[in-house]
Amino acid sequence: MWRARAAAACLVCQSLGNSGYGMKGKSPLQKLHLVSRSIHHPCYSSSKFQRPPLRISVQQFSSLNHLTLRKTKLLYVKHGYQPHRNFWLARVASRLLKLRYLVLGSAVGGGYTAKKTYDQWKDMMPDLSDYKWIVPDFVWDLDEFIDFEKLNKVLPDAEDLAKLLPDFDKIGESLSSLKGFFSPGTPGETAFKATDQGYDDDKQYKKGLLGELIVLQQQIQQHEEEARKAADQYNMGSSQQKAKVSDKDKIDQLQEELLRTQLKYQRMLERLEKENKELRKLVLQRDDKGIHQRKLKKSLIDMYSEVLDILSDYDASYNTQDHLPRVVVVGDQSAGKTSVLEMIAQARIFPRGSGEMMTRSPVKVTLSEGPHHVALFKDSSREFDLTKEEDLAALRNEIEIRMRNSVKEGCTVSTETISLNVKGPGLQRMVLVDLPGVISTVTSGMAPDTKETIFSISKAYMQNPNAIILCIQDGSVDAERSIVTDLVSQMDPQGKRTIFVLTKVDLAEKNVASPNRIQQIIEGKLFPMKALGYFAVVTGKGNTNESIDSIKEYEEDFFQNSKLLKTCMLKAHQVTTRNLSLAVSDCFWKMVRESVEQQADAFKATRFNLETEWKNNYPRLRELDRNELFEKAKNEILDEVISLTQVTPKHWEEILQKTLWERVSTHVIENIYLPAAQTVNSGTFNTTVDIKLKQWTDKQLPNKAVEVAWATLQEEFSRFMTEQKGKEHDDIFDKLKQAVKEESIKRHHWNERAEDSLRVIQHNALEDRSISDKQQWDAAIHFMEETLHSRLKDTESVIEDMVGPDWKKRWLYWIARSKEQHVRNETKNELEKLIKCNDDHAAYLANDEVTTVRKNLEARGVTVDPCLIKDTWHQIYRRHFLRTALSHCNLCRRGFYYYQRHFVDSELECNDVVLFWRIQRMLAITANTLRQQLTNTEVRRLEKNVKEVLEDFAEDNEKKVKLLTGKRVQLAEDLKKVREIQEKLEVFIEALHQEK
């Protein structure tokens with residue numbers, strides 16, 4: 001709009017300028033248009049004016065009111081000129097008729113009149129230098145790309161163009177209104193001035209406020225004073241009837257004139273506010289076409305809200321109280337607190353209910369200006385469009401869910417604050433906190449301490465000496481039933497930071513028998529509390545489905561027709577939520593300006609104390625807060641996981657082979673080797689071994705191998721996680737590392753297909769019976785000897801525990817056998833006699849042999865159970881068998897030659913050595929397979945699990961607080977928060993000073 005008008009005005013001015021008569025330099029008309037003057041035309045300095053002066057018709061036009069065009073009187077503009085030598089006839093005529101004096105006088109008089117008109121118009125123009133950025137940069141360079149001389153030739157005559165010019169007189173009126181609109185003062189300051197005794201006089205408003213509104217307000221006050229004087233005279237005089245009639249007429253006339261003036265003032269204010277809202281929306285909205293891409297700075301209220309959010313999370317361990325201003329909304333339950341806040345925010349954003357408690361936790365609402373009416377939570381990026389009913393319903397539902405989640409089990413209300421930002425055109429910038437309504441009785445379904453909890457929450461917010469208390473009182477109930485007024489008077493007895501709001505005035509006017517009672521409340525004479533200002537509002541008809549616009553319309557209609565205004569019980573600036581929001585915003589920013597620097601100094605002192613404590617306690621450590629410590633621990637854990645990939649294959653295979661044999665050796669000895677050794681010949685031995693190995697491979701061996709590999713990976717991972725690294729080890733990470741290790745192992749699952757592939761490999765390895773060289777034969781014998789020696793040692797240890805110490809230990813250590821050990825010792829001696837009689841005895845005792853042993857023991861006075869005999873025999877025979885196998889193994893050292901000949905023509909049979917060779921080779925192949933699977937697949941999957949666990953822990957603040965604890969962590973956290981608060985406060989104060 002500005003660009004189009006500027007271009008048109010420039011062309012008109014150039015056309016008019018070129019019509020000058022013999023003028024040199026720039027035309028005075030160039031000064032008559034501000035926008036055209038801001039665009040530099042190089043043609044002005046070189047062009048010469050050739051045309052006679054034109055008649056210009058002036059037309060009214062306003063940027064705020066689109067009015068129809070109308071013609072006005074023609075304006076004659078004459079200028080002096082230099083006579084040219086070639087026009088000799090003109091020189092003779094001018095000398096004869098003395099035209100030069102007439103032209104010169106007209107030029108001087110016209111120039112003086114034009115300059116005076118221009119100066120008056122210029123004074124009415126606002127200072128738009130701060131809004132110069134609205135016009136894109138390319139506009140200032142249009143003259144470089146557009147030939148204005150060619151456009152001038154194409155344009156019609158000046159008289160036709162003059163019809164397009166606006167009426168400069170009415171432009172002056174509109175611009176004077178616009179100048180007052182952009183001035184520092186606001187209509188809300190005028191509205192609130194009557195209720196705040198501490199504000200300055202009217203001089204500060206005359207400089208910046210709208211002149212018409214000031215005059216109208218002064219007229220309203222004058223009419224109110226005249227009406228009151230006339231009413232006093234009317235009440236005092238009772239003797240003369242004629243005087244009464246005349247005074248009554250005068251009172252009625254003054255009241256009607258007062259109402260008309262108030263309505264006119266209200267309409268003008270609404271019109272200007274609407275234009276203000278549209279203009280601010282255009283200013284704040286970015287150009288979608290990419291012409292204007294300047295990035296808007298963060299608003300003051302957003303900067304201030306960030307400081308409050310940080311403070312809400314800060315634990316004041318060093319007696320640092322939060323004394324920053326905010327507007328605290330308190331009131332009795334169902335008094336209309338939430339409705340008032342919704343009217344200020346211009347959206348129905350809170351959950352609704354009839355008579356029940358809906359506000360269950362404090363809700364911090366930050367109001368700020370923006371091109372679109374939206375709302376978003378502090379910890380969420382989703383924007384709710386407040387112009388759409390479905391988004392409003394979703395926002396109310398989200399607030400209700402957050403409230404219920406914040407309430408702990410067994411409680412009714414919560415102290416946890418929900419932070420919400422609301423942006424929109426025309427919103428007053430402030431921070432409000434909606435608190436749960438004060439109750440007098442705890443009803444069924446509530447926690448027993450609900451009343452005390454609400455009182456403590458309200459006091460905690462109101463005891464802030466810089467908090468503005470917005471006290472909400474229900475006007476439809478008796479004032480004596482109010483609870484919140486006593487609470488507010490205790491916290492602010494002088495009323496220096498309290499604003500009283502009487503809601504539901506429409507119901508109060510209908511139900512209250514004496515309207516003077518409402519006047520006493522608004523004048524502060526009924527309640528014991530004091531306040532800066534008193535307001536009366538209407539927040540709807542009680543229908544929860546009403547829109548904000550319908551409520552505002554109903555409120556305005558009510559007060560326009562209310563007797564409370566007609567009888568001067570209420571003043572115009574004390575009604576409607578719009579006036580209330582202006583007053584609260586002014587009071588809020590006044591309190592911010594007065595107290596923010598003092599709070600910044602307090603946090604600066606706290607920061608110095610914390611830094612000194614850190615230097616004294618941890619002089620060689622960096623000040624790492626909990627998040628920074630977590631990042632450091634995260635890097636260490638990832639480095640330790642990477643270390644798993646650097647483990648050598650030889651180390652993996654040795655650990656896997658050793659661990660796997662420890663797991664399966666018992667099964668091999670007890671279920672494969674011992675049963676096969678009881679056979680008669682080598683053929684039966686090999687057949688038994690093959691069958692049992694096949695069954696073992698199909699059912700148990702692959703699963704055991706995977707379990708061993710998973711256990712080995714856990715052990716190695718735990719070793720790297722818990723291994724101390726000398727002086728660099730920081731024990732503050734131990735709990736975190738342990739939790740990450742446990743959670744990662746819990747989430748890790750081995751590949752299910754590994755068992756199937758491993759089963760085939762193990763089966764093929766056990767099928768191979770060929771020993772290629774003597775070295776492999778000796779290795780198998782060595783493996784067999786180690787296994788048998790280990791088993792023999794374990795068996796002898798078991799027998800010793802069964803029979804007790806021998807005679808040497810009894811004499812040396814004075815240890816005696818127990819009765820059970822004595823019985824087992826006698827049984828062992830009897831069973832050893834059986835083995836001595838028959839070295840090739842079977843592995844199991846026959847029933848007659850058990851009976852013989854029992855009777856022999858009874859003959860010596862030892863009573864024994866048959867089960868005890870069999871149990872003892874198992875260990876005795878096992879020891880005998882292992883000793884025999886070891887001696888046979890020693891004989892087979894030289895049996896490789898016979899093995900190559902398949903033991904033909906030889907009494908030596910070493911099939912057991914071949915069995916252990918098959919087992920040893922299977923263990924080696926299995927360990928190699930598991931190692932490849934570990935290094936290629938499972939270690940990487942474990943690393944991925946560790947990263948996922950660390951990411952989950954990073955998002956879980958409660959988990960980080962639980963795992964990273966200690967004085968050092970808390971001190972660093974406090975220091976970080978205090979620094980951040982101080983820095984943000986300093987930035988906010990600097991921006992606040994710049995706004996002033």
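Modeller: The discussion below treats salt bridges and then cysteines. Please keep in mind that this is a predicted model.

Colleague: How many salt bridges does the structure hold?

Modeller: A contact counts when a side-chain nitrogen of Lys or Arg lies within 4 Å of a carboxyl oxygen of Asp or Glu. By that criterion there are 41 salt bridges in the structure. One of them pairs Arg719 with Glu716, with the closest N and O atoms 2.6 Å apart.

Colleague: Where do Arg719 and Glu716 lie?

Modeller: Both belong to helix α27 (residues 701-722), and a spacing of three residues places them about one turn of the helix apart.

Colleague: With which residues does Glu830 form salt bridges?

Modeller: Its side chain meets that of Lys833 at 3.8 Å, N to O, and that of Arg860 at 3.1 Å, N to O. Glu830 and Lys833 are three residues apart in helix α32 (residues 819-837), which means that about one helical turn separates them. Arg860, by contrast, is in the loop between α33 (847-859) and α34 (866-891), so its pairing with Glu830 ties together parts that are 30 residues apart in sequence.

Colleague: Is Glu830 buried or exposed?

Modeller: Glu830 counts as buried, because its relative accessibility is 8% and the cut-off for burial is under 20%. Lys833, at 46%, counts as partly exposed, and Arg860 likewise counts as partly exposed, at 42%.

Colleague: Which residues do salt bridges with shared partners join into one network?

Modeller: Arg607, Glu611, Glu623 and Arg979 are connected in this way.

Colleague: Let us turn to the cysteines. Which residues does a disulfide join?

Modeller: The structure holds one disulfide. It links Cys892 to Cys910, with an S to S distance of 2.1 Å. The torsion about the S-S bond is about -100°, so the disulfide is left-handed. Distant parts of the chain are linked here: Cys892 is in the loop between α34 and α35 (896-900), and Cys910 is in the loop between α35 and α36 (911-955), 18 residues apart. Cys892 is buried, at 0% relative accessible area, and Cys910 is buried, also at 0%.

Methods:
Residues numbered from 1 in each chain as written. Predicted model: local features only at pLDDT ≥ 70, side-chain atom pairs only at ≥ 80, totals over all residues. Heavy atoms only, no water. Helix = DSSP H or I, 4+ residues; strand = E, 2+ residues; numbered from the N terminus. Buried < 20%, exposed > 50% of the residue type's maximum accessible area, 1.4 Å probe, protein only. Disulfide = S-S within 2.5 Å.
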